[in-house]
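Please look over the sequence and the model shown below before reading on. The paragraphs that follow go through loops, charges, rings and open space in turn.

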Amino acid sequence: MLEADFIDVKVIKLKKDEQKKILVKYDSKEKLFQFRWTLYKNDGLVVFRSYDKIVAQNILYIRNKNQSFRFYLKPKGGKSYDVPYVLVKFKAFDYETNEATFELYLSDKNMQISLKYL
């Protein structure tokens with residue numbers, strides 16, 4: 001993963017059960033991406049997320065292959081080979097403040113997507 005492949009990089013810090021909402025806009029559509037974490041145990045961070053009526057759970061680890069998850073922002077179409085997506089990467093956990101730090105990367109080669117952090 002090279003940061004040059006991504007057009008938007010955002011650092012987000014969240015406390016337990018604090019929800020982050022991001023409005024995704026493309027064409028004439030608006031969709032909401034939401035995520036939060038609920039548990040940090042044995043170096044694993046449990047993350048709940050939803051986008052476009054799809055709900056999922058991930059367990060992310062800082063020092064493991066499971067550092068991140070990605071989700072596609074648009075359906076894969078016939079003319080669009082490079083489907084835009086967001087990659088959410090777990091970067092750090094601060095025991096003193098009980099906050100998890102994430103980096104969000106937007107991959108959008110055709111510049112179709114607008115993100116609004118709510």
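Where is D27 found? D27 is in the loop between β2 and β3, where helices (H or I, at least four residues) and strands (E, at least two) are DSSP runs numbered from the N terminus. This is a predicted model, in which local features need pLDDT of at least 70 and side-chain atom pairs count only at pLDDT 80 or more, while totals for chains, interfaces and linings use all residues. Residues are numbered from 1 along each chain as its sequence is written, and side-chain values use heavy atoms, with hydrogens and water left out.

Most residues other than glycine have a negative phi. D27 has a positive phi, near 50 degrees, and is not a glycine. At 66% relative accessibility D27 is exposed; the scale used here calls a residue buried under 20% relative accessible area, exposed over 50% and partly exposed in between, with a 1.4 Å probe and protein chains only. D52 also has a positive phi, of about 55 degrees, without being a glycine. Its place is the loop between β4 and β5, and with a relative accessible area of 38% D52 is partly exposed.

Side chains of opposite charge can pair when their charged atoms come close. A salt bridge is counted here when a side-chain nitrogen of Lys or Arg lies within 4 Å of a carboxyl oxygen of Asp or Glu, and by this rule the count is 5. D52 forms one with K31, with the closest N and O atoms 3.1 Å apart. Because D52 lies in the loop between β4 and β5 and K31 in strand β3, the pair ties together parts that are 21 residues apart in sequence. K31 is buried, at a relative accessible area of 14%.

Which residues are linked in a network of salt bridges? They are K16, D17 and R36. Between K16 and D17 the N to O distance is 3.9 Å. Between D17 and R36 the closest N and O atoms are 3.0 Å apart. This second pair links distant parts of the chain, 19 residues apart: D17 is in the loop between β1 (8-15) and β2 (20-26), and R36 is in strand β3.

Aromatic rings come next. A pair of rings is described by the distance of the centres and the angle of the planes. Rings of Phe, Tyr and Trp (its six-membered ring) pair if their centres lie within 6.5 Å; planes under 30 degrees apart count as stacked, over 60 as edge-to-face and the rest as tilted. The count by this rule is 13 aromatic pairs. Y40 and F93 form a stacked pair, at 4.0 Å centre to centre with 15 degrees between the planes. The two are 53 residues apart, with Y40 in strand β3 and F93 in strand β7 (residues 85-94). Y40 is buried at 17% relative accessible area, and F93 is buried at 13%. Ring pairs also link a cluster whose members are F33, F35, W37, Y40, Y51, F71, F90, F93, Y95 and F102.

Rings also meet charges. A charge sits over a ring if NZ of Lys or CZ of Arg is within 6 Å of the ring centre and within 35 degrees of the ring normal. The charged end of K10 sits over the ring of Y117, 4.9 Å from its centre. R70 lies over the face of Y85, at 4.6 Å from the ring centre.

How much space lies in the largest pocket? The figure is about 180 Å³. Of the 14 residues that line this pocket, Y51, D52, I54, F71 and Y72 are the closest to its centre. On a 1 Å grid over the protein atoms alone, a pocket is an open set of points where a 1.4 Å probe fits, with protein on both sides within 12 Å along at least five of seven lines, and lining residues have an atom within 4 Å of a point. Grid points are joined across faces, edges and corners, and a volume is the space filled by probe spheres set on the points. At least two lining residues come from each of β3 (29-41), β4 (44-51), β5 (54-61) and β6 (68-72).
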